[in-house]
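I opened a notebook for this model. Below is what I looked up, in the order I looked.

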There are 2 protein chains.
Amino acid sequence: MAEQSIVVVEDDSSIADLLDMYLREAGFRVLLALDGERGLQLIATQRPVLAIVDIGLPGIDGFEVCRRLRVSGNLPVLILTARDGEFDRILGLELGADDYVTKPFSPREVVARVKAILRRGTVVTTANASVIEVTDEILVDTNRRDVTVSGVGVPLATKEFDLLVYLADNPGVALSRQQILDAVWGVDWLGDDRTIDVHVRQLRRKLGDDLPLATMWGVGYRLG
Amino acid sequence: MAEQSIVVVEDDSSIADLLDMYLREAGFRVLLALDGERGLQLIATQRPVLAIVDIGLPGIDGFEVCRRLRVSGNLPVLILTARDGEFDRILGLELGADDYVTKPFSPREVVARVKAILRRGTVVTTANASVIEVTDEILVDTNRRDVTVSGVGVPLATKEFDLLVYLADNPGVALSRQQILDAVWGVDWLGDDRTIDVHVRQLRRKLGDDLPLATMWGVGYRLG
DNA sequence: TCATAGATTCACAACACTTTCAAGCAACAC
DNA sequence: GTGTTGCTTGAAAGTGTTGTGAATCTATGA
C-alpha cells in the first residue's frame, strides 16, 4: 500500500518534531506546517489522509482551519488543545473534528487516536468503494485492490498495484524515482532505481496504451 | 427517518439513567443493559446505530464486548472508563472503540461525542443484520452462529466461524493479516500470521468452490 | 483423568512475484 | 552526425509467500 500522509499544523516546533518522529515510526509520511495558512495549502496539494491541528495557532487559528476543512471535504481532523474546558471540547467536536487530545499528551496516545480515526475511515469508505479514475476506462479500486480496464479485471502484482495507486494518487505530478521509492518501497529500501522501470513496463504492458503514463526524461514518471 | 437507537451497557443505574435522559432529549431511542451479556443480546436484536459501553462491567467486561462487536460488525462504540491510565485508553481504542470518555464525565459531553461519531459517516445498520448473504447459496447467521450452503448446514469451529463473519462483514475489501488478527484474535494475541492461512484453508475446504475467498498476494484475503 | 475436537505450529513443495542483468534503443547536448 | 546518458525490454536468477498434510499443543467435556 502506498504510504499515507498526515499533515501536522503546529507552531511549537518541539511538539511538531515529536509528533513527526512517532508518526513516521508508525509508518506515516508526515508533512509539517507552522501556521494555518500553510497547513491548508499543504492539505490541498498533498491529499493527506488526516490532519492534526493545534487550536492555538497564529494567524488562521485551529477552529477556523477545522471549519474550512469541513466545508471543503471530509478530511478527518484530530485537534490538539491546551485548553481543558468542556466548552472548548464540545465546540471542537461540533466543528467537525473527529477527536481531540488535550496537552500535555503522550505521542503514543496521539498515534493510537490517529489509527482509531483511520480505521473508522476504512469502514466508511467500504460502503462507497474508494475508486480512483485514472481514465474513463481504467479504474483502480483501493479497497478491493483490483484494477479494471473497460470493465475487465486486470490482475496486477502487489508492487505493480501499489505503484499504480501512488501514481494515481498524484495525478499530473512528475514524480522522481526517489519519491516513488520512498513512498512505495519505503525509505529504508536499498536497491536499484531501475527496479521502478521494470514495474512501469509491466503496468504499461498490462494496462495497454490507455495508460497515460509518461516518462519524464532524467526525472521519473508522471501519470495523467 | 426512523428513530435511531443507542444501546447503553452500564451497571451503575444512576449513570445509566442520566445518559438515558440526555440521549432521549437529543432524539435517540435508548436501550439499557446492566451487563455485557444482556448488552450483546440487545445489540444483536435491536440493531442500534451506536453502543455506549462501560469498561468495568460485571460478567463479560467492556473490553470483551468491544472485541466481540468488532468481530461481528462495525458498530460504532463509545467507551466509558473510570480508569485514567494511558494504557487502558490505547487498549480501548485499539480494540476498535471509536472514542472514549473518562469518568466523571458530563452527559452533555457524551451527547456531543455521540453526535460526532455518527456524523462521521452513514452508519451501515445492515452490517449488524443477523443473516449475512455471502453468496446466494452461502448464508451466515450470526445469531444462531451457523452457516448453510444451499440450505444445508455446515458445522464450523469457533475460529472458523468468527473469521468468516469478519470477512463477510467486510465484503469486497482486501484485508491484511494484521487486520484480521486484530479483529478476530484480538490485538493482544501473540502468534503466527500463518494461523490465518490454516483457518482459511478449512473454510475453503468446508464451504467448497462456492466461497469467493480470494488470496491477495502479499497482503491478505478478500471475500467477495 | 482421559478422550476428543479444535487451534496452532511446522516443514516443504509449489508457486508468484521481485530484482538484477545485459543488450538494444531513444533522447539529449554539442 | 556523434558521443553520452538514460530508458526499455526480455529473460534469468533470486526472493518471498502461500498451500498443504501432518505433528504438536491446548482447550473442553464426559
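**Entry 1: chain A overall**

I counted eight helices and twelve strands in chain A. Helices here are DSSP runs of H or I with at least four residues, strands are runs of E with at least two, and both are numbered from the N terminus. I noted that this is a predicted model, in which local features need pLDDT of at least 70 and side-chain atom pairs count only at pLDDT 80 or more, while totals for chains, interfaces and linings use all residues. Residues are numbered from 1 along each chain as its sequence is written, and chains are lettered from A and ligands numbered from 1 in the order in which they are written.

Of the 224 residues of chain A, 35% are buried. A residue is buried if 20 or more other C-beta atoms lie within 10 Å of its own, exposed if 12 or fewer, and partly exposed in between, with C-beta atoms placed from the backbone. I also looked at contacts, meaning pairs of residues whose C-beta atoms, placed from the backbone, lie within 7 Å. Among the contacts in chain A with a separation of 6 or more, 55% join residues 24 or more positions apart.

**Entry 2: confidence**

Next I checked pLDDT, the predictor's confidence in each residue, from 0 to 100. Chain A averages 79, and 77% of its residues score at least 70. Where pLDDT is low, the predicted coordinates should not be read in detail.

Axes are lines fitted to C-alpha atoms, for helices over the stretch in contact, and angles run from 0 to 180 degrees between N-to-C directions.

Which residues make the contact? From α6(A) come A:K159, A:E160, A:L163 and A:L164, and from α8(A) come A:H199, A:Q202 and A:L203. Three of these residues are nonpolar, two polar and two charged. Ala, Val, Leu, Ile, Met, Phe, Trp, Tyr, Cys and Pro count as nonpolar, Asp, Glu, Lys and Arg as charged, and the others, Gly among them, as polar.

I then turned to chain B. There α6(B) and α8(B) pack at about 85°, with axes 10 Å apart. B:K159, B:E160, B:L163 and B:L164 meet B:H199, B:Q202 and B:L203.

**Entry 3: the DNA strands**

I listed residues near each strand, meaning that the C-beta atom, placed from the backbone, lies within 6 Å of it. DNA strand C has 22 residues around it, and A:A157, A:K159, A:D192, B:A157 and B:G191 are the closest. At least two residues of this surface come from each of α6 and α8 of chain A and α6 and α8 of chain B. By class, the surface has seven nonpolar, seven polar and eight charged residues.

DNA strand D has 16 residues around it, and A:D197, A:R201, A:T215, B:D197 and B:T215 come nearest. α8(A) gives the most to this surface, with six residues. The surface has six nonpolar, four polar and six charged residues.

**Entry 4: single residues**

I found A:P48 in the loop between α2 (36–46) and β3 (50–54) of chain A. It counts as buried because it has 20 C-beta neighbours inside 10 Å. Not counting residues up to four places away in sequence, A:P48 touches A:S5, A:I6, A:V7, A:L31 and A:I43.

B:A168 lies in helix α6 of chain B. B:A168 is buried, with 22 other C-beta atoms within 10 Å. Its C-alpha atom is 6.3 Å from that of B:V134, 34 residues apart along the chain.

Is A:R145 buried or exposed? A:R145 is buried, with 22 other C-beta atoms within 10 Å. Its phi is positive, about 60°, although A:R145 is not a glycine. B:S150 also has a positive phi, near 50°, but B:S150 is exposed, with 12 other C-beta atoms within 10 Å.

How values were computed: Contact = placed C-beta atoms within 7 Å.
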